[in-house]
Amino acid sequence: MSKLLITWWTWFIWSHAVVELLQAWHQVVILDNLSNSVQEVTEAIFTITWIHPLFEYADIRDIQQVETIFTKHVFDGVIHFAWLKSVKESCDKPFSYYENNILGTINLLRCLDTYNVRNIIFSSSATVYDASSEDAPFEEQMKTGNTTNPYGTTKFIIEQVLKDMAQWRQMNITCLRYFNPIWAHPSGLIWEDPHDVPTNLLPIMMEVLEGKREKLFVFWDDYNTMDWSCIRDFIHVVDVAQAHKIAWENLAKWFNIYNIWTGKGTSVLEMISLVEEVTWEVFPYEIVSRRDGDVSISIAKVARIKKAIGREAQLSITSAIKDALIFRANIYN
Ligand code: UD1
């Protein structure tokens, strides 16, 4: 059993990962400034696990607030999720992204170093792969950088910083590069920030099913794919959460990067068909022109993580769609 600091902000994967960690009897302390999430999530986590995760209020941009938490607890490691993650928002408010994602991470690293906590799991993203590359599937050693938005830049920069930390401060660091995690926990009880206007595909599709939007606009540019729509490596968020637990329990020395994780591509039009199969309804959509920054194909190569942890992603996209429907029904009924 280990004692872990979990930093959160808007991203929904942390709550699922906390469930997996608590169920494996790890102790968890959550750090958040609640600027874009709600403390009630910890109640939902309790309902699922029967364990209350400890919650500590702190703004990661303020090193004194972060340090206070290190004076109260002795940690074995940290799983760092405290990321702003909207591509569009990052173009509108780049400084918020630099302050939270870069300065916040540096503050955290200083505290880790000062209090001799050397083990880190870091939420990275497929967005770090060179966007000009049409070389999907992406392998971990492929070129990164050449990012198309400030969000991607922050992830890219912090990966470089962490590599230095492993080398010069003897930290053990695993970066997990997420592809396209999709909802939701099968309990229907834990959620992504409900106040955000969604920009990702599945949340928007859910809003169409609820009648909040008339239809889905499919961004299209005669992509070089079998049905001309973009292809993504969608992965069930519970698989992603389990990857954090397994990565923590198998944390190896110095610096490691893993893609997570299916290795299978699904096009946007195939996603629509899968939603139609689950709901037995015709799903309304319209083809529109492409969205800036979209790459045609983003799929992971998964050989490295398979070798490291001996496991493949286990849950299907159809189960993620069904779980997303349960979740939406729960919060709106
Ligand atoms: C983006 C980020 C990725 C991040 C992920 C989850 C980039 C380049 N990508 O992925 O790093 O992990 O969000 O936050 O930074 N689509 C439509 N209509 C819509 C919405 C989406 O057709 O209304 C299409 C998009 O063109 C894309 C696919 O659906 O082909 C998935 O889009 P989205 O869910 O936004 O994720 P990505 O842009 O792939």
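Guide: Let us begin with a term: contact means heavy atoms within 4.5 Å. This is a predicted model, where local features need pLDDT of at least 70 and side-chain atom pairs count only at pLDDT 80 or more, while totals for chains, interfaces and linings use all residues. Residues are numbered from 1 along each chain as its sequence is written, and side-chain values use heavy atoms, leaving out hydrogens and water.

Our stop is N101, which sits in helix α5, spanning residues 94–114. Helices here are DSSP runs of H or I with at least four residues, numbered from the N terminus. Setting aside residues up to four places away in sequence, N101 touches A82, W83, L84, S96, Y151, T154 and I158. One of these partners, T154, also meets N101 through a polar contact of 3.1 Å between their side chains. A polar contact is a pair of N or O atoms within 3.5 Å; within protein, one must be able to donate a hydrogen and the other to accept it, and residues adjacent in sequence count only if both atoms are side-chain atoms.

Is N101 buried or exposed? N101 counts as buried because its relative accessibility is 0%. Buried means under 20% relative accessible area, exposed means over 50%, and partly exposed lies in between, using a 1.4 Å probe and protein chains only.

For comparison, look at I157, in helix α6 (residues 150–168). I157 counts as partly exposed because its relative accessibility is 32%.

Note on methods. Helix = DSSP H or I, 4+ residues; strand = E, 2+ residues; numbered from the N terminus.
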